[in-house]
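User: I am new to this structure and would like to learn how to read it. Please show it to me.

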Amino acid sequence: MAESYSHKFGQIIGDLLEIAIQSHLEKFAKKNKLFLDKKGDREARPGKKVTWIDNKGNKHDLDFVIERGGTEKKIGIPIAFIESAWRRYTKHSRNKAQEIQSAIIPLIEKYKNSSPFIGVVLAGVFTEGALNQLKSLGFGVLYFPYDTVVKAFQKYGIDASFDEKTTEIDFKAKIRKWEALEDKGSVAKELLKLNKVHVDEFFNSLTNSVSRYIEKILILPLHGQESTKDTIIEAIDFLKSDSECNVKAPLVRYEIIIKYNTGDKIEASFKDKKDAIKFLETYKLN
């Protein structure tokens, strides 16, 4: 079955979105001595996809991952997961937002020690509900509204506007004009220019995340015997009768809190000293 022109034109806009953001991410990675992984060949992994695996063994294909310590031949520590998406109609925006969070949230759980930045670059028509849903989960959101996408194309003589009544003949004409355009990157630059304020905000958030540093590390060895109570009254009675001078009690666990200059913090708990040390050693590259 032949691909419809409407579908093909949607892919063109989606690809343009990736072109627009990729050049910025490449400059950002180079400036901060980080590695940007994107679709395409890389010696460190098989195939052309940027695939990461969560704690349950599920694979997630992503658009961009920024790594600390990564090279062409070596996978580094992920410090930013970034997805991009284009949607023309509101009826698809909520589903896409949920699809993105389903791909990235499990990876955040796995790589919580590096507390990666999570971001989305969206274009087209997304509802406030969909955008707020992502923001509430901690995503940095860079959104290019539909009218700015149309304006970016319009500057180079292409009418990118369409709706459900647009015919396949009209889509075919739009595609021909796009394919005839010599400098396609100029449309991407115009899209970024039209949304400069929001682009700057997004990259400021990304910069703050990757440039943060550990301010202090709190280690609290907990000694004592665990007691379980069924009611609040029983718990209060236990505390009232507990002796705070029992320094010979066995170690229960180590509580560790890592605090960053940005106010972010990571909390972890270990029963075994070796595991606690192993946990802290993962931060040596951060």
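User: Which residues does Leu25 touch, not counting residues up to four places away in sequence?

Analyst: The model is predicted, so local features need pLDDT of at least 70, side-chain atom pairs count only at pLDDT 80 or more, and totals for chains, interfaces and linings use all residues. Residues are numbered from 1 along each chain as its sequence is written, and side-chain values use heavy atoms, with hydrogens and water left out. Contact means heavy atoms within 4.5 Å. With residues up to four places away in sequence set aside, Leu25 touches Leu36, Phe64, Ile66, Ile82, Phe203 and Leu206.

User: Which residues in the largest nonpolar core touch the most other members?

Analyst: In soluble globular proteins, nonpolar side chains tend to be buried together. A nonpolar core is a set of buried Ala, Val, Leu, Ile, Met, Phe, Trp, Tyr and Cys residues joined through side-chain atoms within 4.5 Å. Buried means under 20% relative accessible area, exposed over 50%, partly exposed in between (1.4 Å probe, protein chains only). Among the 45 residues of the largest core, those touching the most other members are Leu25, Ile66, Ile82, Phe144, Phe153 and Leu206. H1 gives the most to this core, with 10 residues. Another core, of 22 residues, lies apart from it and includes Leu107 and Val120.

User: What do the buried residues of H2 pack against?

Analyst: Helices (H or I, at least four residues) and strands (E, at least two) are DSSP runs, numbered from the N terminus. The buried residues of H2, among them Ile100 and Leu107, pack against strands E2 (50-53), E3 (59-62), E5 (77-87) and E6 (117-124) and helix H3 (128-136).

User: Where is Lys33 found?

Analyst: Lys33 is in the loop between helix H1 (5-31) and strand E1 (35-38). Lys33 is not a glycine, yet has a positive phi of about 55°.
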